[in-house]
Amino acid sequence: MDKIEHIGIAVKDLDTSNRLFEKLLGTSHYKMEEVLSESVKTSFFKSGPNKIELLESTDEDGPIAKFIAKKGEGVHHIAFAVDDIVEEMKRLRKEGFTLLNETPKKGADNKLVAFVHPKTANGILVELCQEIEK
Ligand code: ZN
């Protein structure tokens, strides 16, 4: 795995949290995107070399809504950049991790993504993401 690509934060209201993170980071979000397959609206911030993804649920039964109901707002996942997501998934399965996806799927920000089950990763939801070549 390569660098931390971004940190995902579950929020109740994207507009409110966009304003909060604008104040916190001293910079505006640079894009917003809805991911229908995940029932989320996302916004992205850059802070130096780092990236923060805010996630608001668009469906009260969606994964982000469920997360907030259980744990409240906060850090939802850590995403690592990978060069070859299929190989990395194979390697992690072999190491005993449970993956939440059979195959990579299209995520926000032009990425192929897959998730490692937090139960097998010390409670951390780990996202693998590979840039889709344009
Ligand atoms: Zn993410």
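A residue counts as buried when its relative accessible area is under 20%. In this predicted model, that cut-off picks out strand β8 (residues 126-131): 5 of its 6 residues are buried, so the strand is largely enclosed by the rest of the structure. Strand β8 also has partners to either hand in the pairing list. With β5 it runs parallel, and 4 bridges join the two; here I78 has V126 as its bridge partner in β8. With β7 the pairing is antiparallel and extends over 6 bridges. V126 turns up here too, this time as the bridge partner of V116.

Strand β7 also holds F115. The relative accessibility of F115 comes to 12%, so this residue counts as buried. From F115 to H77 is a stretch of 38 residues in sequence, while their C-alpha atoms sit 9.1 Å apart in space.

The zinc ion takes its protein donors from H6 (NE2), E53 (OE), H77 (NE2) and E127 (OE), at distances of 2.1 to 2.2 Å. Written out along the chain, the spacing of these donor residues is H-x46-E-x23-H-x49-E. Two of them sit in strands, E53 in β4 (residues 50-57) and H77 in β5 (residues 74-81), so this pair ties together parts that are 24 residues apart in sequence. Both E53 and H77 are buried.

What about the geometry around the zinc ion? The angles subtended by the 4 donor atoms run from 81 to 168 degrees, which makes the arrangement irregular. For reference, the ideal angle for four tetrahedral donors is 109.5 degrees.

Next comes the open space in the model. The largest pocket has a volume of about 820 Å³. Its lining is made up of 37 residues, and those closest to the pocket centre are P63, F67, H76, L100 and L125. Which element gives the most to this lining? That is α2, with 6 residues. At least two lining residues each come from β1 (4-11), β3 (40-47), β4, α2 (63-71), β5 and β7 (111-116). By residue type, the lining of the largest pocket splits into 16 nonpolar, 9 polar and 12 charged.

Finally, a couple of loops deserve a look for their backbone angles. Most residues other than glycine have a negative phi. S39 is not a glycine, yet its phi is positive, at about 55 degrees. The residue lies in the loop between β2 (31-35) and β3, and that hairpin has 4 residues between its strands. Is S39 buried or exposed? Its relative accessibility is 16%, so S39 counts as buried. N110 has its place in the loop between β6 (105-107) and β7.

Terms used: Residues numbered from 1 in each chain as written. Predicted model: local features only at pLDDT ≥ 70, side-chain atom pairs only at ≥ 80, totals over all residues. Heavy atoms only, no water. Donors = N, O, S within 2.8 Å, 3.2 Å for Na, K, Ca; no water. Tetrahedral: all angles 85-135°; square planar, octahedral: opposite > 155°, others 65-115°. Buried < 20%, exposed > 50% of the residue type's maximum accessible area, 1.4 Å probe, protein only. 1 Å grid on protein atoms, 1.4 Å probe; cavity = no way out; pocket = protein on both sides within 12 Å on 5 of 7 lines; lining within 4 Å. Points joined across faces, edges and corners; volume = space filled by probe spheres on them. Nonpolar A, V, L, I, M, F, W, Y, C, P; charged D, E, K, R; others polar. Pairing = 2+ DSSP bridges.
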